[in-house]
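Subject: Structure handover

Hi,

Here is the structure for you to look over. My notes come after it.

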Amino acid sequence: MPRWSTTLTTAGIADPRLREDYTHAARRVLRRESAPYLALRLLAAPPLVPALASGLAFMNLVDDVAETGSLRERADGLAALTERVEAALRTGDSPDPVLRAYAHAVDTRGLPAHWVSRFLEGAATAEAGFDGFADEDAFQGYLDAYAWPGVLVFTGLQYQGGPDPEQAAGWRRFTEAAQRVDFLADLHGDLAEGRLCLPRARLAEHGVTRADLEAARDTPAVRALLAAETRRARASLDATRGLLDLAVPGLRPVVATMADLMAHQLTAVERAGAGALRRDVGYGTVAPLRILLRAARRRHTVQDAPSTRR
């Protein structure tokens, strides 16, 4: 893994202030999400790393504002943040080093601004006012409004000029799988914070109440509900096959690792059964390290493999 200063130079970032901005963004990611940061640093082609790190820092920044405080505080915070983001994208400057780095990445990589505005709009509506999903249609609407654009403000920076429709659709499938796995793995914590992320209609189909889940009742109905949800998540994960061909070569090792980590976490959720209601199902320590090391060994094989995309 090259030194961070070398990575910045390889990416063509020479201006001292910009180098500091990208460094600030990368450190923010490291503090908040160390696993994605390590995957980028270890596995992605160095010229892509600063832009992608700034994208992840920006995505996290918006998430934090959308999830902090009362509804009024979230709305006011996102309105103010949207103004700052629009100014940064328009002028290339901002008092916030994360926004300066991200604006530079959007400009140099040519990411269409509509992905950024769509994400900010979704943060102010679908996320800031989140009160659960009535049914599957509501879940799909959440993906389209917030989760999918949130992934593309980050991963879309791998493509010079932004993703084409097929690439964007591939990341939509990835987003759905990731969201289904996350909601199952974080059931306990989400319920403790007052968030029910499984569609209410599916609870009703199985005769399960929210109180059953909050009390972590291990009943046949609860087990049947969770088994059905894990099957949906598994089907969504299977539908992401082919995404590797839609990624640029320099990011393929990261994409393969992300898929492996999701599959590992989903398997842990399946094994936990109703136990997922008593504690969140994390990645653990040993398995992610093993997956990262295996990915590092195969990095050049995946990165240099010819695309089968037609």
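Below are notes on helix packing, then on salt bridges and one arginine.

Please keep in mind that this is a predicted model.

Helix packing

Start with helix α9, residues 165-185, and helix α15, residues 252-272. Their axes come within 10 Å and cross at roughly 35°. The crossing of α9 with α15 is left-handed. On the α9 side, the contact uses W171, F174, A177, A178, V181, D182, L184 and A185. On the α15 side are V255, M258, M262, Q265, L266 and V269. By class, that contact has 12 nonpolar residues, one polar and one charged.

α9 also packs against helix α13, residues 220-238. Here the axes are 8 Å apart and the angle is about 150°. The cut-off for roughly antiparallel is over 145 degrees, so α9 is roughly antiparallel to α13. This crossing of α9 with α13 is left-handed. R173, E176, A177, R180, V181 and L184 of α9 meet E229, T230, R232, A233, S236 and L237 of α13. The class count is five nonpolar, two polar and five charged residues.

Salt bridges

The count comes to 19 salt bridges. Three of them follow.

- E229 and R232 are joined at 3.1 Å, N to O. They are three residues apart in α13, so about one helical turn separates them. E229 is buried at 5% relative accessibility. R232 is partly exposed at 31%.
- D64 pairs with R32 at 2.7 Å, N to O. This pair links distant parts of the chain: D64 is in helix α4 (residues 49-66), R32 is in helix α2, and they are 32 residues apart. D64 is partly exposed at 24% relative accessibility. R32 is partly exposed as well, with a relative accessible area of 36%.
- D212 bridges to R217, with the closest N and O atoms 2.7 Å apart. D212 is buried at 14% relative accessibility, whereas R217 is partly exposed at 38%.

There is also a salt-bridge network. It links E136, D144, R172, E176, R180, R202, E229 and R232.

One arginine

R28 lies in helix α2, residues 16-32. Its relative accessible area is 18%. The cut-off for buried is under 20%, so R28 counts as buried. Beyond its neighbours within four places in sequence, R28 is in contact with A57, N60, L61, D64 and V98. D64 is also the salt-bridge partner of R32.

Best wishes

How values were computed:
Residues numbered from 1 in each chain as written. Predicted model: local features only at pLDDT ≥ 70, side-chain atom pairs only at ≥ 80, totals over all residues. Heavy atoms only, no water. Axes fitted to C-alpha atoms, helices over the stretch in contact; angles between N-to-C directions. Helix = DSSP H or I, 4+ residues; strand = E, 2+ residues; numbered from the N terminus. Left-handed = near helix turned anticlockwise from the far one by under 90°. Contact = heavy atoms within 4.5 Å. Nonpolar A, V, L, I, M, F, W, Y, C, P; charged D, E, K, R; others polar. Parallel < 35°, antiparallel > 145°, perpendicular 65-115°, else oblique. Buried < 20%, exposed > 50% of the residue type's maximum accessible area, 1.4 Å probe, protein only. Salt bridge = Lys/Arg side-chain N within 4 Å of Asp/Glu carboxyl O.
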